[in-house]
Amino acid sequence: MRPLITASGLSKSYGAKLALNNVDFEINKGAPVALVGPNGAGKTTLFSLLCGYIAPSKGSLEILGHKPGSAALFNKVSALPQDAQLDPRFNIDKQLAFYAKLQGMGAKQSQTEALRVLDLVGLKEIAKQRAGDLSHGMRKRVTIAQALIGAPQIVMLDEATAGLDPIHAREVRELVSELSEQATFILSSHDLTELERLCSQVLHLDKGVLSEHQTKTNNTDKHFYTLMLSEAYQNVEQQLQAIAGVSRVYMSQHKEYVVEYQPTSDPLDIALLNFCHQQHWQYRQLVNGHTLENQIFKQEKV
Amino acid sequence: MATPLPINVGRLTQIAGFELVRMFLTKRGLIALAAFALVWLIILRYPIGQAVGIVSAPDFEQIARDISGSIGLSKLLDWPEAEFAMYWLIALYSFPVFGLFICSDQTVGDRERGTLRFLSLRSTRFEILFGRFLGQLAVLACLVAITLVATLAVLGFRDPSLLAGGFARALSIFLILVITLCPFVALMTLINTFARSSRLSIVLAILYFAAGGIIVGILQWQIPVLGLLDYLFPGVQIELLAGQNLPLLSAVAIPLVQTAVLLSVAQRIFARSSL
């Protein structure tokens, strides 16, 4: 199957500053893809390149076989660019209907489509309000709504949940999860837990350099569990190490332990939970594999 | 980045049409429209409404002819529709200046706000740029048409028998005025591709005419052939056009060529700029 997006030797520099350095990746149709990295890592630059807002300094980038920004991608690729705002002087339904018309819909259909996408983000009732009269969170949700007009194959959301309250952030996550059957989402966020829930492929950018991670599979010969405890207990590492099949234990964060094991016929997760119960340890979570946070950042706490 | 062509006429029409909505259905647009209507009410009531009385007064007629002749406007005195002669002079000089102000925010506001990013995922940069140009020109054309209809009403009120001739006169004035306005709108289209705000666009336009005029004047004084540089300025033909002393071909060709050049430069910059 042909990849949706192919980047090869992609670089972008602003004057002397290299924002993206020789980046290669492929994104295939399927589960949402996460784009993570610290501030200034090059995430927004990569988004801008994918949307055709800026041109690469070097390398090539293709989306569905076309250059980003090409007319052939209209109606197929949509995006929520970071900090982009609708015109504050217009009713939001008018603006969304205008975008729908640009995507080829008729007058009546575009009105219906505007209300449909506003309904998806829970804002149908404020369709007649001007964008300038909305709160920050509402404006963000309206801009997410514009990315859902029509039936895009690729939806890119840059910091979609930043600035949203927890309830609406959760609604956006649920929306992405629901729609990910129909479109491939590319999400950037600083909330790794959020991305871990939604995404299977993770593109990690740091200082313009890209590395890839998988969230849902152990992609090496080694097998891990990550155990998060509710409280700090004494000698956890030593005690866990004594369980049959465990080859190594280390603390990855405060009250969080990574358990490396050799697969045997006896399931280790059951043994781990039984052990916690026997020791009267309260656990918060048992993750099969590494957490995304641990994959990306330094794992072992010395 | 995207290849600017081909043009989708449907999208182009949508973008141009949205400019009319922006002008006539937003608070800011309506305030500008109200100010415009007020100014033209005064113009219609006094200079235009009283034009006939002043020009045809027996004591004044010869003086008016002498003065008009010396400044190349004598042909206007032969128009039976004196209201349109006065309208022509006022509109020809005021609409370009008004146009610079009203067209000062074609793409710059949307670019600074990020709204262009939503648009550029749905239409090519050429469609956005040219659509906005056409939209702004349509807004000005509407305003010209409204003032012409009002002038026609003033004329009909004075002498209904002049209405038929007045209508034909209004139509020709409309076409020439809109064509004359094209390069002014295109200049603002160009300035919008690199300015950071609509206010700065206006300042840059004023500088272009003021400082540019001085520089070309000096160059022309040193090397007379550089007088051709006058054609860099929209409205270069207005002085001759005012007195109906310019061949129709020049009256049409000069602004249209200027518009084509300004728009193609604007497109080159816009296609390469970051959104």
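1. Domain layout. Chain A of this predicted model splits into two domains. Domain 1 covers 5–214. Domain 2 covers 223–296. Their C-alpha centres sit 37 Å apart.

2. The contact between the domains. Domain 1 of chain A gives 7 residues to this contact, and domain 2 of chain A gives 5. On the domain 1 side, two elements supply at least two residues each: α6 (192–198) and β8 (201–206) of chain A. The largest share of that side is from α6(A), with 3 residues.

3. Composition of the domain 1 side. Where domain 1 of chain A touches domain 2 of chain A, its residues comprise 4 nonpolar, 2 polar and 1 charged.

4. The contact between the chains. Chain A brings 27 residues and chain B brings 21 residues. Which elements of chain A each supply at least two residues of the side that touches chain B? They are β5 (77–80) and α2 (92–102). The largest share of this side comes from α2(A), at 4 residues.

5. Composition of the chain A side. The residues of chain A that touch chain B fall into 15 nonpolar, 7 polar and 5 charged.

6. Elements to look at in the model. Then turn to β5 of chain A for the former and β8 of chain A for the latter.

How values were computed:
Residues are numbered from 1 along each chain as its sequence is written. Chains are lettered from A and ligands numbered from 1 in the order in which they are written. This is a predicted model: local features need pLDDT of at least 70, side-chain atom pairs count only at pLDDT 80 or more; totals for chains, interfaces and linings use all residues. Two residues are in contact if their C-beta atoms, placed from the backbone, lie within 7 Å. Ala, Val, Leu, Ile, Met, Phe, Trp, Tyr, Cys and Pro count as nonpolar, Asp, Glu, Lys and Arg as charged, and the others, Gly among them, as polar. Domain bounds come from an automatic or database domain assignment.
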